[in-house]
Amino acid sequence: MISKKITLLFLSVTLLFTSCNSDDDNNGNESLGDYENGIIVSNEGNFGQGNASITYTSDDLSIIENNVFSAVNGRALGDVAQSIAFNDDLAYIVLNVSNAIEIVNRYTFESVATIDTGLNNPRHIAFANGKGYVTNWGDGGVATDDYVAVIDATTNTMSSQSIAVEEGPEKIVANGNTVYVAHQGGYGQNNVISVINAATDVVSTTITVGDVPNSLRLDSDGDLWVLAGGTPSWTGSETGGKLSKIDSSDYSVTSIDFAGTEHPSFLALENGTLYYYLSGSVYKMDEDDTVLPTSAEITGLSFYGMEVKDNVLYGVDALDYTSNGMLLSYSLSSNEVTNFANTGIIPGGVYFN
Amino acid sequence: MIRIVLCLLLLCFYSVAKAQTSTDSIQRLDEVVLSDVKLKRYNQGYKLTVLNDSILRKNGNSLTDVLRFNSNIYFKENGYGMVSSASFRGTNASQTAVIWNGININSPLLGQVDFNTISSANYNSISIRSGGGSVQYGSGAIGGSVHLSNDSDFTKHINHRLQLGYGSYETENASYNLSFGNNKWSGSAGVSYINTENDYRILGTDEKNENGAFNNLDLNFNLGYVLSQKDVLKVYHQNFRSDRAFSSTLLAPSNSKYETEDYRSMLEWAHVSDNFTSSLKTVHLLEKFKYFENKDLNNYSEGQAETWLIKHHYKLNLSKQMALSVITDYSSITAEGNSYVDPKRCAFSATAIFNHQFSTRFRYNLNIRKDVISDFKSPLVFAGDLSYKVAESYMLKFNASKNFRVPTFNDLYWNPGGNLDLEPEESFQFDLGHQLEILKSLHLKLNTFYIETSDLIQWRPNTETNYWNPVNIANAKHYGLEVELGYIKKIKAHNFNLVTIYSYTETEDVEKNQPLYYVPLHKANIALSYNFKSFTAYYQHLFTGEVDIIGSSLNGYDVGNIGCSYELNKSGKLNYILDLKVNNIYNTYYENVALRPMPNRNFNIKLTLKF
């Protein structure tokens with residue numbers, strides 16, 4: 001662990017020198033904005049402290065800019081940046097404690113609109129049929145007031161109709177007009193996926209998966225992969241994780257169980273390969289595998305979120321949650337750390353621009 | 001201020017006088033009627049500041065305001081009237097002990113006291129003891145301790161005081177105090193109420209402080225009865241109820257609220273004899289809270305902690321100059337709540353204090369204490385202090401101590417995360433003080449201190465379990481300087497009184513090699529008052545320097561309050577006093593917790609009737 005830190009420190013010093021002059025050679029073709037091409041990290045910031053922020057880095061992490069939103073717009077972003085989703089040229093930043101969504105141009109980060117009505121504990125957003133679907137816990141302590149808010153994505157206004165759903169809607173993805181909502185359970189635990197028809201904005205069905213579903217991925221066939229973390233031990237009714245595949249044609253479910261004390265998270269998918277995080281390690285498996293891998297690809301990690309792109313693993317480490325965190329990249333060929341960059345406080349989401 | 005100086009002078013000479021009349025039981029009874037007698041008797045080497053009635057009445061009934069403007073303590077207030085925690089010499093909120101009539105009332109659940117749930121209206125005096133005090137006052141007395149005292153007065157009297165106030169943001173204040181006594185009985189009762197919309201405008205915007213309304217009710221009742229020339233029985237009771245909305249921040253709306261109830265009761269039997277005194281206290285403390293995430297719904301999480309305590313103090317006079325005290329106490333604490341399974345703690349402690357007046361100039365005290373606590377090991381703590389009168393006007397004071405803070409019930413038992421392997425936080429510290437008094441009109445106190453704390457408990461994420469655990473992880477150092485300068489001037493019937501306080505506090509998080517969050521390097525207060533016959537005017541100023549916060553810093557600020565009062569009827573049985581006060585006269589925008597602006601300029605009018 002210590003030697004890893006020294007390596008990182010060494011890398012940071014060398015990066016510092018190489019990154020200084022990179023800004024200047026960006027004047028090539030017509031640019032859509034300073035933040036085109038590269039990685040966007042949403043930094044949650046501390047609950048109640050209003051120090052959420054956005055970090056931009058180039059794909060190789062050599063160019064780093066923190067506090068992008070406030071630098072561009074001259075004001076603070078908000079309280080707890082939960083997630084970001086893109087729709088055409090816009091990025092929607094969901095601010096959980098502020099009960100707001102900041103809508104910005106994804107390449108310039110200039111503010112376009114702010115939605116601060118109709119949201120209560122918003123978590124994630126996905127787009128279908130010209131509309132944005134935002135999962136909301138409602139009051140965390142109330143199991144019956146959870147909903148998916150609907151935004152008109154052309155006018156960026158909240159529509160008056162919301163969709164009541166089961167407890168704890170969290171991650172959300174859309175495949176055409178089919179919107180899938182994972183019910184992680186909010187402050188409690190849940191185990192279903194709601195399916196919303198974006199043409200009618202009605203929940204057409206719910207599908208039971210493993211306990212506490214924390215990640216959703218669509219594969220090239222349009223089938224949905226769901227990783228459930230299982231119920232944590234402190235509840236007194238611990239269950240292990242479960243990886244499920246939901247067939248988009250008939251919503252039939254095939255699953256692989258983790259051991260009863262294993263709680264995986266952060267499912268990623270690229271070119272038919274699945275990646276997940278479990279107890280400080282990253283594992284990978286083929287979509288077609290019927291058993292879980294027994295050995296990890298990369299170990300000794302402390303991730304708060306991760307993504308995979310072009311055979312590179314990007315993970316965020318929130319460190320002690322009160323200092324600036326880190327974005328690290330690992331080559332999935334060598335499984336070695338390649339670069340890292342300092343982010344804002346509690347980096348949670350990694351997005352590719 | 002005159003009274004403070006007099007008090008201090010009295011403290012210095014008290015023991016001398018006492019020794020000469022030790023055979024007189026009535027005098028001895030006088031000693032035990034002081035509710036927190038240890039504070040005055042065994043702490044000559046500590047800096048002690050006593051805030052008396054006239055100071056307490058200048059800042060409404062808010063203990064946070066009283067201390068903010070009249071002491072070195074820095075407060076973090078989550079918006080005006082909301083949860084308020086103290087930072088004493090740069091230590092954290094759970095490292096300041098609050099002592100109610102000699103009993104530590106820091107919450108077993110949180111380890112700290114919310115200073116906005118203490119009304120200053122119903123105490124005769126509030127004292128601030130700087131420096132480590134775990135031996136005498138238990139867990140948490142690391143930065144210092146704040147002492148709330150209800151005194152018994154066995155002189156024949158019956159006094160009423162009624163106060164009615166109204167101010168900006170629809171703030172209504174009312175309080176009533178009754179005090180009576182004769183040679184057998186002594187009693188006091190108090191009711192204090194505040195209700196406010198607290199919707200001050202946020203300077204520089206069109207916004208108001210949203211969801212900030214609160215009301216507090218404090219009830220207080222104390223009774224003393226002289227059983228014999230050697231025995232006194234006393235009863236103390238206090239009940240505080242608050243119903244506070246949790247105000248929004250600049251970036252996060254809120255519709256939450258918080259209700260708390262505190263009940264504190266004590267029965268004390270004091271016995272004095274020729275060569276010993278004994279005091280037996282039985283105490284019951286109960287605190288309850290309800291948190292409503294949405295104040296419009298009857299859906300809340302709750303918790304409570306209940307403490308039973310028996311405390312015995314036996315003091316043996318070994319000679320006219322030497323005394324030995326043995327203090328033993330046994331406490332049983334239980335808690336209930338949504339997030340724990342009925343935790344329970346039993347604790348026993350034994351303390352020995354030796355005090356010696358070596359000569360008229362030199363005195364010292366030695367203290368040692370051991371706690372035996374059911375759910376973890378507690379360290380042996382000790383303290384020593386001395387005072388040396390170098391010259392008639394110059395006193396040197398020194399104290400050194402080892403102190404501790406026990407893990408809270410939340411730290412140990414919260415589900416998920418509670419860690420039963422925690423150990424108490426420890427501190428070692430010392431403090432050197434100089435006290436100078438010139439012609440009774442000028443006094444100067446200069447203190448330098450050093451505090452080292454270790455095994456500080458912090459909640460950290462656990463990547464194995466995916467939830468947070470408290471761990472004994474951090475270490476910190478604090479050192480600094482405090483200066484207090486007081487000046488009294490009387491020109492014919494004109495009285496001037498000035499007190500200035502300044503503190504310089506350096507802190508270091510040893511692990512991160514950076515200053516601790518929310519500790520101002522510089523803080524200064526000025527209190528100036530002028531009195532001419534029935535007219536009094538005063539000015540209070542507070543300067544707080546910049547503080548570091550997570551990832552950023554908060555600007556320093558200057559805030560001033562001005563007020564005047566006029567006694568409309570000074571002679572006769574019924575007195576009425578009219579007070580006018582303007583808070584934040586410069587209309588300063590300031591935050592003492594990030595994103596939580598404090599009130600702009602505001603006004604308060606108050607009528608006091610004494611009869």
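## A sheet in chain A

E4(A) pairs with strand E5 (residues 90–95) of chain A in the antiparallel sense over 6 bridges. Two strands count as paired if DSSP finds at least two bridges between them, and a strand is a DSSP run of E with at least two residues, numbered from the N terminus. Within this pairing, A:Ala85 lies opposite A:Tyr92 in E5(A).

The open sheet in chain A consists of 4 strands in the order E4-E5-E6-E7, with antiparallel pairing. Strand E4 (81–87) and strand E7 (111–115) of chain A each have a single partner strand, so they stand at the edges and one side of each has no neighbour in the sheet.

## Basis of the model

This is a predicted model, in which local features need pLDDT of at least 70, side-chain atom pairs count only at pLDDT 80 or more, and totals for chains, interfaces and linings use all residues. Residues are numbered from 1 along each chain as its sequence is written, while chains are lettered from A and ligands numbered from 1 in the order in which they are written.

## Chain B as a whole

Chain B contains 7 helices and 31 strands; a helix is a DSSP run of H or I with at least four residues. The C-alpha trace of chain B spans about 65 × 60 × 45 Å along its principal axes.

Of the 611 residues in chain B, 46% are buried (a residue is buried if 20 or more other C-beta atoms, placed from the backbone, lie within 10 Å of its own).

Note on methods: A residue is buried if 20 or more other C-beta atoms lie within 10 Å of its own, exposed if 12 or fewer, and partly exposed in between; C-beta atoms are placed from the backbone.
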